[in-house]
Amino acid sequence: MIKKLTSVFSSFFGKFFKQKKNMKIGLYGPPNAGKTSLANRICKDWLGEDIEMGTVSKVPHETREIKIKEKIRIKKKGKELVFNLVDTPGIATKIDYEEFLTFKINKTEAKERAKEATKGVIEAIKWLDSMDVVVVVLDSTMNPYSQVNITIIGNLAARNIPVLIAANKIDLKKANVKKIEAAFPQYPLVEISALKGKNIDEFYEALVKLV
Amino acid sequence: MALTLEFVPYSEIEELSSKKRVAKLITIVKKESVVLMQGKLKPEEEASLIQRTMEDISKTFKGIELCTVDPEPTTKERWIRQLKAIFIKMLIGDRDGFTIIGPATVIKEIKKNPQKVELLLKKARRS
């Protein structure tokens with residue numbers, strides 16, 4: 001009997017710790033919200049100054065494939081969090097190569113970028129199921145009531161995946177965090193500037209608290 | 001340029017599988033019509049709609065603009081109405097509110113604030 005109980009407990013806790021060990025934290029959001037900027041900030045802060053997740057650009061859909069950094073260890077307020085960080089392509093409902101031409105990209109490159117971006121969106125959605133926690137990165141200068149935001153958050157809620165909203169780009173004058181709070185009042189929110197590192201400690205604290 | 005709105009009552013999609021619902025909506029949008037659907041898709045169906053849209057992007061189909069509108073209950077009534085809504089949804093499906101889906105070649109942007117929806121159209125190209 002005791003042996004059986006021990007086996008059940010060790011199996012339960014074994015699974016629990018195994019899950020924690022391989023925890024995946026995903027960065028989701030629309031294009032150009034600053035997901036890769038935040039990923040780079042996290043890498044620099046916890047893996048070393050020279051380590052980056054990916055390149056950032058003003059041209060939408062700069063990240064067109066899933067990128068993973070393994071074993072990031074965050075220590076905050078006596079708690080430690082070890083996870084694999086997953087940076088995902090921005091989710092969009094439309095992709096037109098002509099939009100890229102306005103950023104002085106040639107037609108062939110723009111078409112290729114559009115093709116890769118469509119694949120990236122599909123991949124990002126497929127990966128939703130494997131996430132343990134998701135940070136939804138939103139641009140505070142944009143209207144938060146976009147359907148992409150609602151669809152991402154609705155899908156996370158339907159899958160019971162814990163969500164932290166990172167209201168990014170608060171260093172910009174047009175930032176309106178209150179509008180994001182009003183749009184998604186049921187989720188914890190941290191206002192940050194991933195680029196400038198503003199409020200980044202509060203972000204880590206909120207992340208550790210959520211997990 | 002004329003804008004065609006195609007109304008899809010909930011009864012038309014009620015019996016369809018998620019895959020068929022998404023396929024039906026995409027077919028209408030690809031005809032350059034704007035779908036005005038009674039009720040809402042499930043979150044998973046919305047995600048499938050985006051995936052399917054991305055798979056179908058071509059020279060002529062650039063994607064969709066999508067918007068769901070939910071009747072927002074007042075704060076005082078919220079929890080009672082939410083309970084009622086959950087019960088009704090269990091019985092007859094999610095018929096509350098409506099969904100707008102338009103082709104990105106026609107609709108430039110759907111601006112949504114809690115009480116207002118604006119459809120911004122693209123300028124017609126002169127041939």
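In the predicted model, 24 residues of chain B and 23 residues of chain A take part in the contact between the two chains. About 2,000 Å² is buried between chain B and chain A, with carbon and sulfur atoms giving 57% of this area. On the chain B side, the residues that lose the most area to chain A are B:Ile50, B:Met54 and B:Lys62, which together account for 29% of what that side buries.

Two salt bridges are counted between the chains. The side chains of A:Asp96 and B:Lys62 form a salt bridge at 3.5 Å, N to O. Within chain B, the elements that give two or more residues to the side touching chain A are H3, strand E3 (64-69) and strand E5 (107-113); H3(B) gives the most, with nine residues. By class, this side of chain B has 10 nonpolar, five polar and nine charged residues.

The largest nonpolar core has 39 residues, of which A:Tyr28, A:Ile91, A:Val136, A:Leu156, A:Ile165 and A:Phe184 touch the most other members. Elements giving two or more residues to this core include helix H4 (107-127), strand E4 (133-139) and strand E5 (163-168) of chain A, and also helix H3 (43-56) of chain B. H4(A) gives the most, with seven residues. Not counting residues up to four places away in sequence, A:Ile165 touches residues including A:Val136, A:Leu138, A:Ile153, A:Ile180 and A:Phe184. Another core, of 28 residues, lies apart from the largest one and has A:Ile42, A:Met53, A:Val133 and A:Ala166 among its members.

Methods
Residues are numbered from 1 along each chain as its sequence is written. Chains are lettered from A and ligands numbered from 1 in the order in which they are written. This is a predicted model: local features need pLDDT of at least 70, side-chain atom pairs count only at pLDDT 80 or more; totals for chains, interfaces and linings use all residues. Side-chain values use heavy atoms; hydrogens and water are left out. A nonpolar core is a set of buried Ala, Val, Leu, Ile, Met, Phe, Trp, Tyr and Cys residues joined through side-chain atoms within 4.5 Å. Buried means under 20% relative accessible area, exposed over 50%, partly exposed in between (1.4 Å probe, protein chains only). Helices (H or I, at least four residues) and strands (E, at least two) are DSSP runs, numbered from the N terminus. Contact means heavy atoms within 4.5 Å. Buried area is the accessible area (1.4 Å probe) that two parts lose on being put together, summed over both. A salt bridge is a side-chain nitrogen of Lys or Arg within 4 Å of a carboxyl oxygen of Asp or Glu. Ala, Val, Leu, Ile, Met, Phe, Trp, Tyr, Cys and Pro count as nonpolar, Asp, Glu, Lys and Arg as charged, and the others, Gly among them, as polar.
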